[in-house]
Amino acid sequence: QVQLVESGGGRVQAGGSLRLSCATSGRIFNNYVLGWFRRAPGKEREFIASVTLSGSNTDYADSVKGRFTISSAKDFVFLQMNSLKPEDTAVYFCAATNVWFARDSRHYGYWGRGTQVTVSF
């Protein structure tokens, strides 16, 4: 089993920054990939970014490229979010998979409960 717990969400003004953390525990193997998704009100869950445990391979959605940075460390994965926009408002989820460069949420078998990010004008 794999456990994922997100933290770091909150409310910020447009143009501001937040750093999300995801604490990982359990049976995470070296070939796992950790990803961040988000779900905005009334919208489908959306892929944001993913990173291999080594940190050497990353993948980003076009909507966040250049503004968000994903990174991994022992037992953690982080999402640094800069230049936040109101449309970034969503619940952000951490997830794990053994499928590299997977963007489809159906490939991710483990999920955290999410953390709310609200960006105001």
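## Exercises on a predicted model: sheet, loops and core

Leaving aside neighbours within four places in sequence, alanine 23 is in contact (heavy atoms within 4.5 Å) with Gln3, Leu4, Val5, Asp75 and Phe76. The model is predicted, so that local features need pLDDT of at least 70 and side-chain atom pairs count only at pLDDT 80 or more, while totals for chains, interfaces and linings use all residues. Residues are numbered from 1 along each chain as its sequence is written, and side-chain values use heavy atoms, with hydrogens and water left out.

**Exercise 1.** Determine the place of alanine 23 and the strand order of the open sheet.

*Solution.* Alanine 23 belongs to strand 3, where strands (E, at least two residues) are DSSP runs numbered from the N terminus. The open sheet holds four strands in the order 1-3-8-7, with antiparallel pairing; two strands pair if DSSP finds at least two bridges between them. Its edges are strand 1 (2–7) and strand 7 (68–73), each of which pairs on one side only. Strand 1 is joined to strand 3 (residues 18–26) in the antiparallel sense over six bridges, and glutamine 3 has serine 25 in strand 3 as its bridge partner.

**Exercise 2.** Find out why alanine 23 and aspartate 75 are classed as buried, partly exposed or exposed.

*Solution.* The classes are buried (under 20% relative accessible area), exposed (over 50%) and partly exposed in between, with a 1.4 Å probe and protein chains only. Alanine 23 has a relative accessible area of 28% and is therefore partly exposed. Aspartate 75, at 39%, therefore also counts as partly exposed. This aspartate lies in the loop between strand 7 and strand 8 (76–81), and aspartate 75 has a positive phi of about 70 degrees although it is not a glycine.

**Exercise 3.** Locate serine 83 and describe its backbone.

*Solution.* Serine 83 is placed in the loop between strand 8 and strand 9 (90–97). Its phi is near 50 degrees, a positive value in a residue other than glycine.

**Exercise 4.** Identify the residues of the largest nonpolar core that touch the most other members.

*Solution.* A nonpolar core is a set of buried Ala, Val, Leu, Ile, Met, Phe, Trp, Tyr and Cys residues joined through side-chain atoms within 4.5 Å. The largest one has 35 residues, of which Trp36, Leu79, Met81 and Tyr92 touch the most other members. Strand 9 gives the largest share, five residues. Beyond four places in sequence, the contacts of leucine 79 include Trp36, Ile48, Phe68 and Tyr92.
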